[in-house]
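Q: Could you walk me through this model, with the cut-offs spelled out as we go?

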Amino acid sequence: MSPAKLIWNYLWIAPHLLQTAILWVMVRRGLHRQFPLFFIYTAYVICEFLILFPMYYMVNLVPGWLYGYTRLSLVAGGAVLGFGVVYELFLYVGRSYKELRSSARPVVHFAILCLFAAAIVLAQHTHMSPTDNPGMFTVRLIDRSVAFLQCGLMLGLLTLSWILNMRWQ
């Protein structure tokens, strides 16, 4: 196996092994009751890997269009759950600060609009190479835009909690 293929497989498998460990720790400590969306998201990502990884290597048995549509639908489900996890963290951090709920809502909405606009600009400036499959390019573009939004929201939450000296337990 070539070093590039070995690194490719490692980068695809290792995060899912870590997420399996996270799932196991959550069950052992009872955190799946406190963070149900994160638990569901983690289980979903592991199942997504268990579906897509074999499909990727069964090139002769699985047509490319089936892999593309499967990946697109799984990415869409993961995006919805990912936004749910961010929302769950916002609720968890803000549960002790009831005064902030009414004043933070417009700020969060404004941040989402700004991040959405930035994601659209980023998507518009991404060009497809001549060798790209249009369907897979679209899936990657959507996946990257959603990840950009989720990272921006998490950075906003961390920055807000740092500025306001909010305590995370």
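What follows is a chat about a helix, a serine, the nonpolar cores and a pocket.

Q: What kind of model is this, and which pLDDT limits apply?
A: This is a predicted model, in which local features need pLDDT of at least 70 and side-chain atom pairs count only at pLDDT 80 or more, while totals for chains, interfaces and linings use all residues. Residues are numbered from 1 along each chain as its sequence is written, and side-chain values use heavy atoms, with hydrogens and water left out.

Q: How many residues does helix H1 have?
A: Helix H1 runs over residues 3–29 and has 27 residues, helices being DSSP runs of H or I with at least four residues, numbered from the N terminus. From first C-alpha to last, H1 reaches 38 Å, close to the 39 Å expected at 1.5 Å a residue, where the expected span is 1.5 Å times one less than the number of residues.

Q: Which residues of H1 are buried?
A: Asn9, Trp12, His16, Gln19, Leu23 and Met26 are the buried ones in H1, with buried meaning under 20% relative accessible area (1.4 Å probe, protein chains only). Their cover includes helix H2 (31–34), helix H3 (36–57) and helix H4 (64–94).

Q: Switching to Ser145, why does it count as buried?
A: Ser145 counts as buried because its relative accessibility is 14%. Ser145 lies in helix H6, residues 134–163, and, not counting residues up to four places away in sequence, Ser145 touches Ala119 and Ala123, a contact being heavy atoms within 4.5 Å.

Q: And what does its side chain reach at 2.9 Å?
A: The side chain of Ser145 reaches the backbone oxygen of Leu141 at that distance.

Q: Which residues form the largest nonpolar core?
A: That core has nine residues, namely Trp12, Phe49, Leu52, Phe53, Met55, Val62, Tyr67, Leu74 and Met136; a nonpolar core is a set of buried Ala, Val, Leu, Ile, Met, Phe, Trp, Tyr and Cys residues joined through side-chain atoms within 4.5 Å. H3 gives the most to this core, with four residues.

Q: What is Met136 in contact with?
A: Leaving aside neighbours within four places in sequence, Met136 is in contact with Tyr67, Gly68 and Arg71.

Q: Which element gives the most to the lining of the largest pocket?
A: H4 does, with eleven residues, where lining residues have an atom within 4 Å of a point on a 1 Å grid, and a pocket is an open set of points where a 1.4 Å probe fits, with protein on both sides within 12 Å along at least five of seven lines.

Note on methods:
Helices (H or I, at least four residues) and strands (E, at least two) are DSSP runs, numbered from the N terminus. Buried means under 20% relative accessible area, exposed over 50%, partly exposed in between (1.4 Å probe, protein chains only). A polar contact is a pair of N or O atoms within 3.5 Å; within protein, one must be able to donate a hydrogen and the other to accept it, and residues adjacent in sequence count only if both atoms are side-chain atoms.
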